[in-house]
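Below is a briefing on one structure, covering sheets, a helix and nonpolar cores. Please keep the model open while reading.

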Amino acid sequence: MSQSNEIKQDLIVIGNGMSGLRTIEDLFDITKDKYNITIFGDEPHYNYNRIMLSYLLSGEKTFEDTIINHKTWYDEHNITLHKGDKVIAIDKLEKTVTSQSGKVLTYDKLLIATGSNSFIPKTKGSELKNVIGFRTKLDSDTILELISKDKTAVVVGGGLLGLEAAYGIAMHGIKTILVHRSGSIMSQQLDSTGGQLLQKNLETYGIEFKLNTTIEEISGVDVVENVSFTDGTSVESNIVVFATGIVPNTELANSATLDINKGIVVNDHLQTSDENIFAIGECAEHGGNTYGLVAPLYEQAKYCAKKLADVESDGYSGSTLSTRLKISGVDLFSAGDYMGDETTEELILLDEKVGVYKKLIIYDDKIIGIVLYGDTADASWYLKLLKEQTNISDLRTKILFGKSALSGDSGHGGDDVSAIADDEEICGCNGVTKGCVVNAIKEHDLKTLAEVKTCTKAGASCGSCLGVVEQILVDTLGDEYNDTVEGICDCCDVGHKEIKKCVDTNDFTNVYDVFKKLNWKTEDGCIKCRPAVNYYLLVKYNDDKYKNDKRSLLVNDRVFANIQKDGTYSVVPRIWGGLTSAKELKDMADIAVKYDVPTVKFTGGQRLDMLGVKKEQLEPMWKDLNDAGFVSGQAYAKGLRTVKTCVGNQWCRFGTQDSMQMGINLEKLTWGSWMPHKFKIAVSGCPRNCAEATIKDIGVIGVDSGWEISVAGNGGIKVRVTDFFIKVATDEELYEYVKAFTQFYREDAYYLERTAHWVERVGIQYVKDALIHDEPRRKAYALGFEESQKHAQVDPWEESRKDGFTKEFSPIVIDTKNLPGYEAKEI
Amino acid sequence: MSNWIKIIEIEDVPLMGSRKVVVGDDEIVIFKTKDGSIFAVNNVCPHKQGKLSEGLVHDHMVTCPLHNWDIDLETGIVKDEDNSCTKKYETKIEEGVIYLAL
């Protein structure tokens, strides 16, 4: 459906603020061709984020940071903006507007988004200069201009805005008094316990509170000089900021004889009493309510845009209000009916010392109100339960401890966002759900936080959810997150995905050809890119067709030993399945004695680590180990490290399967081939899981009827429990799955991506789809692994001794006796 | 006055690799970069004393194996960190043999 051939209609927007512009953005999402758009704004700025005023005042953000729509946006969309020009009259019969500068323009549709004005209650002296509200950039500028260290600033009103204003002023080291009419602050959003906790916190910023107090008189000749309070005290002051509420700005609509109540009365499609005139935001009244917070305004914008675009919708049905205080270091959230009455119940958790307070108001087994202070991590979850009127009777003993307490699952530690349901709202300001963000990232190929903000609006308003949004981005993209933005290193601008694709679709014989093809900025690459590209070539061609480039390997992979902090190495022979014998131990002990190994230690992978071996000792030591029947344990490798086992049914009275033998079989099956990162397997003989199989890359657990396979566990910085993969009845099936999973990981993951991170990036379902539900594919991967193994199962110790590589391990010793500059040192 | 000391045949230093030279208590490392150039520096990273001989060679640079500091072999100076450097030694090649100025 193209409307580009039709004549465009004229849409005029009065007000260049957040709700008006959001309506236009939402309209553009539906159609860009329907209207010629003209915007009038009485402030001399582009659309800025009024919610950020407190950060502007405190100096934590610059004005530039708060601009939502830059000049380029207006230009790109051919919007005519008259900033600093106020509309002074609407003629709804002629369908024209008249501006202060004398412009008269006709409209087909008119949108009034004039917002609200500060409400300054009648007070003695309130007409003096420097008695102001806190609504605009100008207010913030005025405050910043006036405040001075030897004068006290007075803020009236202990609501959201008043506290933010007081905080912003106090952050400059100015003595600030906040007067509030009732006995506890934020009484519109908080109960008294929450209010007291908040007050205590804010006092540490240097704000003095006068509760149950109002201003008696503001005195001065022209400007504020002194303020006296109803508690009998007075203070020398040069500025009084009123944050005592807002009044919808209805003046213009009133003179145009539109229906006015508290605000401009609108229907569910945000139309006023004149169907061609819409009103939105703080100036509008819907269902008897006016709103002063951004979330409801943005909700209204959606419906208003639909109506303007002639798209049918159910219409706006009012909003549940929730509030977050935007003061750095203060976590506060409230929503719904937070006070309750005699018919409601309260669930309360209070820890004054730590500063955590949570209160849920319950009616009829449903949450109707929320107050969170100090810990707002579960705010969106509670809000969802509230909005969906979920019956919480089953949850009530645990609900206050948060969502993570319900599952009792601490295994997937740290990843709070993965616990968020897709339909759960993460950005309260813009009503964006997690699912929206994830879909936008996937559909529009978004890579940066800025792109996500622009595309979804999540985090684009008050910004308090940006951390969560970023976490979702990281989770959705996995390693691609940083990589693709900047390239995998400074040498290039491409991510792993692109490099892999390039390697897959072209033929190369070495890493440098890949660099050339992809326009590397360096000749030789670096420590980050060269090993990665080398790996991708290796996994494509296998060891028989591509010679693993030793000079492109990290030190441990190159010298087949693990470098230690002092430059010596550790040597770990393979102990198949963790099973050894008296003879093997004796041989190893003899070798350790022979080379005077300073430290011998059992590893977590059930073998022996000989630490402190000098590089020149490696070759002879390897020879002795080879001669005694040992091969390299590859404790250095990006490849199979160990297969850990429990005793299993050979000895254990609980054992159901022969886990020791299976461990040996699996180690013999999987050692050798290089992988994206290290790889560990464990086999337990029964579900008691003594081999700790559930934190390995592959965990195998014996049960009476076969083997349970789980994958992608990790015991590192962030412990991750494996995901259950499949249960198999026979050993043969187990081998096939192990081979297929390993090969799929080798081919699909990015270099240096552990299975845990890979699976979290691609999703376990993706892996299951490839290997469980697609038998031919599974068999192909298993076959691919066997093919690779044919050439990879070579003991690197023996090979490097025989092909002469270890020659370079020996140092060149210069006899200092013949060096005049060097004195012979006594030993 | 420095002495030119005969060290090793140039072909015994692996391309993009290194050889360690022990002189009394000191260790000097000789590198051969991809373009065949020879460099010699003290075998100690100024950061945490990592053995540069075990590092990855790229362009005229070596990356320390311990914490990935890049050291410029032409100067011995740590990349992006002008205040740290490791000692650089002069080298010369005569008839396929590397000499070090000690």
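**Sheets, a helix and cores in a predicted model**

In chain A, an open sheet holds five strands in the order E3-E2-E1-E7-E18, with parallel pairing. Strands pair here if DSSP finds at least two bridges between them; helices (H or I, at least four residues) and strands (E, at least two) are DSSP runs numbered from the N terminus. This is a predicted model, in which local features need pLDDT of at least 70, side-chain atom pairs count only at pLDDT 80 or more, and totals for chains, interfaces and linings use all residues. Residues are numbered from 1 along each chain as its sequence is written, chains are lettered from A and ligands numbered from 1 in the order in which they are written, and side-chain values use heavy atoms, with hydrogens and water left out.

- Strand E3 (80-83) and strand E18 (277-279) of chain A are the edge strands, each pairing on one side only.
- On average, neighbouring strands of this sheet are turned by 15° against each other, direction ignored; axes are lines fitted to C-alpha atoms, for helices over the stretch in contact, and angles run from 0 to 180 degrees between N-to-C directions.
- Three bridges link strand E7 (residues 109-112) of chain A to E18(A) in the parallel sense, and Leu110(A) has Ile277(A) as its bridge partner in E18(A).
- Helix H9 (residues 294-308) of chain A lies across E1, E2, E7 and E18 of chain A, at about 165° to E18(A).

**The antiparallel sheet of chain B**
- Three strands of chain B, in the order E5-E6-E7, form an open sheet with antiparallel pairing.
- Strand E5 (56-58) and strand E7 (70-72) of chain B each have a single partner strand, so one side of each is left without a neighbour in the sheet.
- Strand E6 (residues 61-63) of chain B is joined to E7(B) by three bridges, and Thr63(B) stands opposite Asp70(B).

**Nonpolar cores**
- A nonpolar core is a set of buried Ala, Val, Leu, Ile, Met, Phe, Trp, Tyr and Cys residues joined through side-chain atoms within 4.5 Å, where buried means under 20% relative accessible area (1.4 Å probe, protein chains only).
- The largest nonpolar core has 68 residues, and those touching the most other members include Trp520(A), Met621(A) and Leu52(B).
- Helix H18 (residues 529-545) of chain A gives the most to this core, nine residues.
- A second, separate core has 45 residues, among them Tyr35(A) and Trp73(A).

**Helix H7 of chain A**
- Helix H7 (residues 192-203) of chain A has buried residues including Leu197(A), Leu198(A) and Leu202(A).

Terms used:
Buried means under 20% relative accessible area, exposed over 50%, partly exposed in between (1.4 Å probe, protein chains only). Contact means heavy atoms within 4.5 Å.
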